[in-house]
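I open the notebook on this chain. My entries below follow the order in which I looked things up.

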Amino acid sequence: MPQTPIPEAGPAPHALNLPGIGRWLLAAGLASLLLRLWIASTFPVTGDEAFFYWWGVYPDWGYSDHPPMVGWLIALMRATLGDSLWSIRLPVVLLPLGLGAALWWGLKDASRERAAWAVLLFWLAPLNWLNMLITTDTPLIFWSALSVAALLRAERRAALDRAAYGLYALSGLFLGCAFLSKYFSVVLGLAYLVYFAVYRRERLAGLAVLVLCALPGPAINIAYNMSHGWSNIMFNVYNRNEAEAFELRKPLMYVGMMIYLITPVAAWLAFRHRKALLATARSQRLLACVVVVPLLFFALLSAKKVIGLHWVLSFYPFGFALLAFALPREQLAACAKGIAVFAGLHVLVVAALYMTTLDTWRTTRPLSNLYPQVVRSYKTAEILKQVSSPGVVLMAEAYTAASIYGFERRQYMPVFGVGRFHARQDDMLVDFSVYQGQTIRVITGGPPRLEEFAPYFRSVRALEFVQDGVPFYAVEGQGFNYPAYREGVLGEIFKRFYNIPSALPMTGCPFCERYCGKVRCAR
């Protein structure tokens with residue numbers, strides 16, 4: 001049976017009260033858009049953004065950490081609107097509007113008024129006022145929302161007709177695009193599987209169409225991984241999880257994070273009206289599965305992993321939708337006002353931060369703890385001017401610094417040394433043998449230990465630069481010795497990050513081919 005719309009009090013359950021909620025929607029949508037545009041135009045590039053920027057400069061079928069969608073998106077923005085930080089950030093600035101449209105499209109047939117409240121509650125959440133950072137989650141959230149919206153509409157079709165199959169196919173296509181954005185799309189697929197297995201076994205043919213249309217996404221990703229040393233699997237399954245262990249603080253942090261994301265007022269109202277929430281979950285089963293299954297999945301995962309705020313964002317809008325359909329009508333305005341006040345506090349904090357100067361950050365605690373990073377972000381060009389020298393190759397010791405400096409120069413900056421599991425895109429892009437005999441300056445995060453660099457150069461010396469009262473350091477190495485670097489650094493990288501399970505078939509591995517001349521190096 002199709003899902004049952006929530007019964008409404010009043011004579012016109014499907015009428016949208018434009019004089020009331022319509023004005024709220026216009027005000028929230030426009031005000032939050034303007035704030036995001038302002039922040040996006042004035043906030044300096046972050047390390048992750050600068051790192052992903054190069055994925056758009058070198059478009060590929062995949063990248064070291066994740067599937068390729070954010071790289072494709074950045075490449076599209078560079079090609080159409082120019083190579084600027086503002087253009088790269090525009091998709092995430094517009095994202096809440098697209099998500100609101102997806103919520104409305106997916107839910108309006110159940111109740112136009114409740115669908116409008118769902119959009120409003122979501123738009124009022126603080127994250128939608130402040131987030132303007134382009135990440136791998138940007139396309140994931142967008143495609144996931146479209147997939148759920150299409151499936152909601154398919155499930156409201158009374159019969160498995162051509163239109164219903166078309167919507168199932170569309171949902172699957174969007175799910176495949178979400179998979180090409182980030183692997184968390186698998187959790188959405190799990191929610192679909194639970195829904196059909198428990199509630200809609202008579203519609204398994206629709207699920208089959210959905211899965212079939214989603215398969216090109218995983219197929220592209222598998223082909224890429226086979227030809228690139230299974231880099232996504234090594235990063236997401238092995239290298240980043242080696243030291244994970246149970247800690248009580250991790251699930252507690254997860255609960256606290258979810259209360260913050262939902263907002264305290266919405267969390268309180270959800271608890272207070274938990275019976276209505278349960279009744280709504282029973283009548284809106286697909287919506288409930290899309291919210292509850294990921295929540296439980298991440299709750300189990302939080303026993304060992306710290307759940308990042310961005311991990312849950314592709315399911316985040318539908319929590320507000322479930323709440324909008326559950327709360328009594330008289331409580332919806334109170335919920336919206338409470339969320340608006342909570343968002344307003346965040347806006348005031350941001351406004352206060354924008355009124356500060358570099359001197360404020362230098363002299364005021366606890367802001368002064370972040371002063372070196374602020375100087376690096378706002379004075380990047382000046383720092384590079386000091387450290388640059390004709391004929392000298394610039395590198396950095398860590399991927400965040402290398403990405404930020406490289407973005408400023410619009411010239412890729414390699415990471416010198418072993419690095420961490422995050423910096424492995426270097427392994428695909430950089431051939432250190434081309435630097436044999438050259439002079440290299442490596443920007444370090446603190447006073448360098450020359451003995452760590454000496455084995456790889458004919459001579460080394462420490463350099464210190466001062467920018468706005470903050471010391472920055474570099475090592476200048478003359479006569480780069482590639483054979484020694486291959487033995488000492490690339491060998492360690494191979495042992496630490498390329499322990500590829502023998503059961504995984506490989507057709508290529510850029511690092512291994514450069515390191516030992518084979519697709520799979522002997523250990």
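Which residue in E4 does Phe465 stand opposite? I looked it up in the model, which is a predicted one. Phe465 stands opposite Phe472.

**Entry: the hairpin.** I followed the two strands, E3 and E4. They pair in the antiparallel sense, over ten bridges. Together E3 and E4 form a hairpin, with two residues between them. I checked the turn and found Asp468 with a positive phi of about 50°.

**Entry: the other partner of E4.** I next took strand E2, residues 440–444. Five bridges join E2 to E4 (residues 470–480), and these two strands run antiparallel. I picked out Ile440, which stands opposite Gly477 in E4.

**Entry: the whole sheet.** I then wrote down the strand order. The sheet is open, has four strands and reads E1-E2-E4-E3, with mixed pairing. Which strands stand at the edges? They are E1 (393–396) and E3 (457–467). Each has a single partner strand, so one side of each is left without a neighbour in the sheet.

**Entry: H4 against H7.** I moved on to helix pairs. Two packed helices are described by the angle between their axes and the distance between the axes. For helix H4 (residues 85–107) and helix H7 (residues 137–155), I noted an angle of about 10° and axes 8 Å apart. H4 and H7 are therefore roughly parallel to each other. I listed the contact residues. On the H4 side they include Pro91, Val92, Leu95, Leu99 and Trp105. On the H7 side they include Ile141, Phe142, Leu146, Leu152 and Arg153. By class, the residues of this contact divide into 14 nonpolar, two polar and one charged.

**Entry: H15 against H17.** How far apart are the axes of H15 and H17? They are 8 Å apart, and the helices pack at an angle of about 110°. H15 and H17 are therefore roughly perpendicular to each other. Here Ala276, Leu277 and Thr280 in H15 meet Leu322, Leu323, Phe325 and Ala326 in H17. I counted classes again: six nonpolar, one polar and no charged residues.

**Entry: Leu278.** I stayed in helix H15, residues 274–283, where Leu278 has its place. Is Leu278 buried or exposed? Leu278 is exposed, with a relative accessible area of 52%; the cut-off for exposed is over 50%. Leu278 and Ala31 are 247 residues apart in sequence and 34 Å apart in space, C-alpha to C-alpha.

**Entry: Ser302.** I looked for a buried loop residue next. Ser302 lies in the loop between helix H16 (285–301) and helix H17 (316–326). Ser302 is buried, with a relative accessible area of 1%. Leaving aside neighbours within four places in sequence, Ser302 is in contact with Lys250, Pro251, Tyr254 and Ile307.

**Entry: the cores.** In soluble globular proteins, nonpolar side chains tend to be buried together. I asked which residues have the most contacts inside the largest nonpolar core. They are Leu107 and Phe298, in a core of 91 residues. I traced Phe298. Beyond its neighbours within four places in sequence, Phe298 is in contact with Phe184, Val187, Tyr254, Ile307, Trp311, Val312 and Phe315. A second, separate core has 72 residues, Val70, Ile88, Tyr456 and Cys509 among them.

Key:
Residues numbered from 1 in each chain as written. Predicted model: local features only at pLDDT ≥ 70, side-chain atom pairs only at ≥ 80, totals over all residues. Heavy atoms only, no water. Pairing = 2+ DSSP bridges. Buried < 20%, exposed > 50% of the residue type's maximum accessible area, 1.4 Å probe, protein only. Axes fitted to C-alpha atoms, helices over the stretch in contact; angles between N-to-C directions. Parallel < 35°, antiparallel > 145°, perpendicular 65-115°, else oblique. Contact = heavy atoms within 4.5 Å. Nonpolar A, V, L, I, M, F, W, Y, C, P; charged D, E, K, R; others polar. Core = buried A, V, L, I, M, F, W, Y, C linked by side-chain atoms within 4.5 Å.
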